Amino acid sequence: MTEDAPLTRLGKVDFGGIVKEVNLAFVPEAVVGDYVLVHVGFAISRVNEQEATRVFDYLREIDELGELAPP
Amino acid sequence: MKYLDEYRDGQEARKYADAITRLANKPWTIMEVCGGQTHAIVRFGIDELLPPLITLVHGPGCPVCVTPVELIDKAVEIALRPDVIFCSFGDMLRVPGTRGDLLSAKARGADVRIVYSPLDATRLAQANPTRPVVFFAVGFETTAPANAMAVHLAAKNGIANFSILVSHVLVPPAIEAILSSPVNRVQGFLAAGHVCTVMGYTEYEPLARKHRVPIVVTGFEPLDILQGVYMCVRQLEEGRCEVENQYTRAVRREGNDEARRIIGEVFEVMTRRWRGIGSIPQSGLGLRESYAAFDAERRFDVAGLSVEESSECISGLVLQGIRKPHECAAFGTRCTPESPQGATMVSSEGACAAYFRYRRRPAKST
């Protein structure tokens, strides 16, 4: 991460092997090691790790409600 | 890659599809707003995994597709002016205007360059101080903060040879237009997750109430889309019409404060024309008067250009979810990605291009 003025703060983001420099002005809370969503050279959101498994948890909840019980 | 591959798990996807099959008792038509979602749906065959009662129709969220044709003409006109360096995202280059596209302007000698970020264009402007550098600033709310930041930094750093040709559009007025149409058939929406990372989703709450439609903020991976469909169908079956957030790992209700602030600083809401749809009130963004010096339309005096569109292309109906790509007589014959009639066949996010690439046969009938 290159510390600079808030509007031009840059960070290196690894896109599964390809590393690009990305503007971090919109994610002032981001720190080294975070996962961010990048659009046209700007990080627009920091991935919330607690919420990242929700899509699987939700499926399990449906399962427990019995809606997925085998016919 | 983490936070990507796990959301493409085929077994989990089938479980979701089974759950939706058990849940759905009536036929429902749901629109995914974003072109990125459309591509995931067609590429991974998500629509074919769903029960026949559920129909997905494809929405207007393809920035290249809805950019009005006169703006393409203005881009070509500006790009051909002496000394201009015209910068654009790659998929705008082959969108046909009435007098050719940007790629043909390049072939005629224009200096047209593909950039990855608007900041690449401001850097080019700094490196070439004697030449006017113009950036083609199109897109939805997702792209607006980046483009606003480029203009803001250009103003702050005195990059006087930089300007933007702007036609930004907004999702909520498009949803309002679709729901207000007498031929509307959409009963629920998957809102575009990335737009909502920036804007949040409070704007959708009055829309859901007014039109009594469920709106589920949804991500872009197959499992995201399937969960979004499940949540939407559940609301429809239960007679609810709320805004729900499937994409909680990236979207907060209030959106991204910093990104919204820079949009408000540089842009103001205005009426915009949408290609294939027409004028929608208060549906887009343009530069505020305080940033008028960076407006390429004024700088190059092209504001007056206005044109008509090809009559055979039904992209306007496709973008509103009224028709599907393969229902067009020109699809795959007179209209292909190599020789497109309309923007929905050009863009990597266009519904016609998705059908052409992944499904050169009719999808299940709707």
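Predicted model: local features only at pLDDT ≥ 70, side-chain atom pairs only at ≥ 80, totals over all residues.

Trainee: How many helices and strands does chain B come to?

Mentor: There are 17 helices and 11 strands in chain B. Its radius of gyration is 20 Å, close to the 21 Å from the globule rule for 366 residues, so chain B is as compact as a globular protein of that length.

Trainee: And how much of chain B counts as buried?

Mentor: 57% of the 366 residues. Also, of the contacts with a separation of 6 or more, 78% are between residues 24 or more positions apart.

Trainee: Switching to the sheet: what's the strand order?

Mentor: E4-E3-E5-E6-E11-E10 in chain B, an open sheet of six strands with mixed pairing. E4 (111-114) and E10 (267-274) each have a single partner strand, so one side of each is left without a neighbour in the sheet. On average, neighbouring strands are turned by 25° against each other, direction ignored.

Trainee: How does E10(B) pair with E11?

Mentor: Antiparallel, over seven bridges. Within E11(B), Leu285(B) is the residue opposite Val269(B).

Trainee: Which strands does H8 lie across?

Mentor: In chain B, H8 (residues 144-156) lies across E5, E6, E10 and E11, and runs at about 155° to E6(B).

Trainee: What about H12(B), mostly covered or mostly open?

Mentor: Mostly covered, with 14 of its 17 residues buried. H12(B) spans residues 222-238 and reaches 24 Å from first C-alpha to last, close to the expected 24 Å. Just after H12(B), Gly239(B) has a positive phi of about 70°.

Definitions and conventions: Residues numbered from 1 in each chain as written. Chains lettered and ligands numbered in written order. Helix = DSSP H or I, 4+ residues; strand = E, 2+ residues; numbered from the N terminus. Expected span 1.5 Å × (residues − 1). Buried ≥ 20, exposed ≤ 12 C-beta atoms within 10 Å, placed from the backbone. Pairing = 2+ DSSP bridges. Axes fitted to C-alpha atoms, helices over the stretch in contact; angles between N-to-C directions. Contact = placed C-beta atoms within 7 Å. Rg over C-alpha atoms; globule rule 2.2 N^0.38 Å.
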